[in-house]
Amino acid sequence: MKLSVQDLNSHYGPAHILFDIALEVSDGEVVSLLGRNGAGKSTTFRSIVGLVAQRTGRILFEGKDVSGEPTHAIVRGGLGYVPEERRIFTDLTVDENLEVGRQPVRPNAPHWTREKLFALFPNLATMRGRPGGRMSGGEQQMLTIARTLMGNPSLVLLDEPSEGLSPKIVEQMVEAILTMKKEGVSIVVSEQNLHFARLISDRAYIIERGRICFSGTMGELDARPDIRDAHLAL
Amino acid sequence: MAFYFVQFLTGLASAASLFLVASGLSIIFGVTRIVNFAHGAFYMLGAYIAFTLTEQFSGAIGFWGGIVFAALIVAALGVLVEMVLLRRIYHAPELFQLLATFGLTLMVEDLVVLIWGPSDLLGRRAPGFWGAVDFFGQNVPTYDLFLIVLGPLVLGILWLLFQRTRWGVLVRAATQDRDMVAALGVNQKWLFTSVFAVGVFLAALGGALQIPRDAVHHAMDLRIIVDVFVVIVIGGLGSIIGAFVAAVLVSELNAFGILVFPKISIILVFLVMAAVLIIRPWGLFGKQEAPARRTPGLTVNPWRPLMLNERLGAMAALVLAAALPLIGGNYALAVGSEIAIFVIFAASLHFMMSVGGLASFGHAAYFGLGAYGVAFLAKMAGLPMIVSLLLGPLLGLLGAGVFGFFSVQLSGVYFAMLTLAFAQIVWSVAFQWVAVTGGDNGILGVWPEQWAASPSHFYWLSIGAAALAVVALRITVFSPFGFALRATRDSPLRGEAIGIDGKRIQWTAFVIAGTVAGVAGALFAYLKGSIFPDSLGISLSVDALVMVLLGGVETVSGVVVGAIVYKMLSIWLVSQTDLSKLVLGGFIVLIVVVLPKGIAGILETIGNRRRPEAPALLASQIDTAE
């Protein structure tokens, strides 16, 4: 088991956001976390990497409970995180952005070099010296994924990678995610777009108002149109 | 012509140290978001330690070894400070960070005197740079030429460090989004510590390099920090190039200002700074910051006017205070009058800072201006006391009108630095313009007239004025103007969106606060019978800040308690120890770390806990609006 989240509860101040979240990801698996805006997808990811201060529950990453560790230690352990807002360093060039993400090679995870990443995202190869602030939204999305891959993670949390991208870029994104999977990276993708999720995922969870309300393979989800219609905007 | 050229070179040489210190401050701010007031203290420590090393150990490590070692030792001290103190307050409002680092500065000032003694120390000349070079009949010390080369050299090294090393890339990334850097697996703690060490090293090196040029003394810290703040405001916080350009600019203005206005050379710097602020409020090379975290902001306790029984309680306290002449002697009455005056002063700052969200680090300027106003009117124009008391504060109003106009263009730490710089400029004018202000000797013989001369009469006058001022400010807080001011404090954008002219409201609040501070200063001049530049000084400004903080930034009337407690403590402390700065500095650091809500804030929290219906939401922490 790559990642196992048990009884995760999170709060922002007095507001209770996540209720007893349970998630599991096997080695090399791509899992989707589906749900509407505000359902708790981003908070789940932020809680897993320790960016939400008030959280309880167990987060087992490669069998080890990391819920007490600070963010940087969790990430260093091989759990990569790509935030929804991209958060490119706009003053830094593409190369420098990648440098910030660089971490040592890990034995149990694929090793990403700049060359491999530029092969994965060819657009980036042509703009290595360009400041992050002067890139399009799609290019920034690619850069933020490449930046996280520079840390040679064995698991990546991808927060809404298709959001706001043109269909053409979304296609490239699907390719990239499938390549990452082929290389052996386990991935959790949060998505609102069921079509996109179907192209890449093995299994899916549906989250609604901070609770997991469905878990199963993509086939099982397709067999339950009632659930799909109730919890996902189509 | 040659003379002007030499003057230009002298300016460039002075710019080197200023640039080192300013760039250190800028780097630290960029990553940690802390304006390190103690930077001047680190500069001073660098000079003192370098003095000792070059005097006593030059055999072992040589002169240059002494300079570098001094900077390294101070950098190590900086690391200690960062790990022990700053790590606790990274998430505190910026006012608290400024105050805590100022407290450190106070402590260092006393420690330096304790270790090296109070007199000026003259350091060695740098070996190899003894002589002077002849420029068309004018002498230029070779050491100055060395410094002129050193400035750009350090700029180049810093540039390489930030552009070409992984550490530099991480620092630049963290300057922009430090949480994202952590989310990529970088340990922020050590990044912050290393950045702080580099910044402090630069400051200490700047200080150490001064010893062949200038005497080492225990007031160097404040002198450099004011210049550094001016440099930062002009150059833009966070920009190293900006620090360099502005350091050269300010040093040259100082060098030539002496030729243009020999008596008040600082005027030139002020004029340039004002011009820059109008054209580019964020400095020549700075970037507009996101709206600053608001100064009060730990809890949300809604303010309300006093209830009937609370009003009666306040009246009773006032009546009780008025009865002091029945039991107290002349000394007690003089102390009582002084406390009452400081209640007025602190209340005026509280109005600006808690109600207006404008934390001024130079509020004493308006206190002192009011005092000088009275002295001018009473001594020079010979006006009667009542007229002087009423008109004297108008000088405070005038000062607040001019400086406030520029200050409210900025917010947060920029505002704090700018108000401090303005206050130091007023102080320098009072200090240098001997013909008008008497300079260091002050203006003597400002005594009250017969009707107010007796200690009890003056005491009643003071507490009467204090009661009036506090009530008037309280009424203003709950007036439509007060609501608009608080709206602007809490959310400038939403305020604008409902038609509030935020800048004008803040400017008005600044002027009100300055005028009330002027009233306090006017009374103070009559109480002491004299007026000195100290009354405009930074330590008085900080006294007021501590009073507000001690009382509770987020309460409406805690400041009255804070002023009384603090003033009594400090009067007692000065009578007990020679190391009052050390104790006071430690006290300030302690309040910031242990008691950030102040006395009244704590009482309020306890009160709310007793009241079960108080909603939990209001007492809980709110996220900073970032």
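Domain bounds, as used here, come from an automatic or database domain assignment. In this predicted model, chain B is divided on that basis into domain 1, covering residues 2-279, and domain 2, covering residues 308-609, and the C-alpha centres of domain 1 of chain B and domain 2 of chain B lie 32 Å apart. The contact between them takes 32 residues from domain 1 of chain B and 33 residues from domain 2 of chain B. On the side of domain 1 of chain B that touches domain 2 of chain B, two or more residues are given by each of α3 (58-89), α4 (94-116), α9 (220-235) and α11 (266-279) of chain B, and α4(B) supplies the largest share, with 14 residues. By residue class, that side of domain 1 of chain B divides into 26 nonpolar, one polar and five charged residues.

Considered as a whole, chain B has a secondary structure of 29 helices and four strands. The radius of gyration of chain B is 25 Å, close to the 25 Å that the globule rule gives for 626 residues, so chain B is as compact as a globular protein of that length. Taken along the principal axes, the box filled by the C-alpha atoms of chain B comes to roughly 75 × 60 × 50 Å. Of the 626 residues of chain B, 54% count as buried, and among contacts in chain B between residues at least 6 apart in sequence, 79% join residues at least 24 apart.

The largest nonpolar core holds 282 residues, of which B:Ala204, B:Val231, B:Ala247, B:Val343, B:Ile344, B:Ala346 and B:Met417 touch the most other members. Helix α24 of chain B, residues 502-528, contributes the largest share of this core, with 17 residues, and the core draws at least three residues from each of domain 1 and domain 2 of chain B. When neighbours within four places in sequence are left aside, the residues in contact with B:Ala204 are B:Phe42, B:Tyr43, B:Leu45, B:Gly46, B:Ala70, B:Ala71, B:Val74 and B:Ala75.

Helix α2 of chain B, which runs over residues 39-56, has 18 residues and reaches 26 Å from its first C-alpha to its last, close to the 26 Å expected at 1.5 Å a residue. This helix, α2(B), is mostly covered, with 15 of its 18 residues buried.

Between the chains, 22 residues of chain B are in contact with 23 residues of chain A. On the side of chain B that touches chain A, at least two residues are supplied by each of α6 (166-176), α7 (178-183) and α29 (616-619) of chain B, and α6(B) gives the most, with six residues. The residues on that side of chain B divide into twelve nonpolar, six polar and four charged.

Most residues other than glycine have a negative phi. Phi of A:Asp20, however, is near 45°, a positive value in a residue other than glycine, and A:Asp20 lies in strand β2 of chain A, residues 15-25. A:Asp20 is partly exposed, with 13 other C-beta atoms within 10 Å. A:Glu62, which is not a glycine either, has a positive phi of about 50°, and its place is in the loop between β4 (54-61) and β5 (64-65) of chain A. With 16 other C-beta atoms within 10 Å, A:Glu62 is partly exposed.

How values were computed. Residues numbered from 1 in each chain as written. Chains lettered and ligands numbered in written order. Predicted model: local features only at pLDDT ≥ 70, side-chain atom pairs only at ≥ 80, totals over all residues. Contact = placed C-beta atoms within 7 Å. Nonpolar A, V, L, I, M, F, W, Y, C, P; charged D, E, K, R; others polar. Rg over C-alpha atoms; globule rule 2.2 N^0.38 Å. Buried ≥ 20, exposed ≤ 12 C-beta atoms within 10 Å, placed from the backbone. Expected span 1.5 Å × (residues − 1). Core = buried A, V, L, I, M, F, W, Y, C linked by C-beta atoms within 7 Å.
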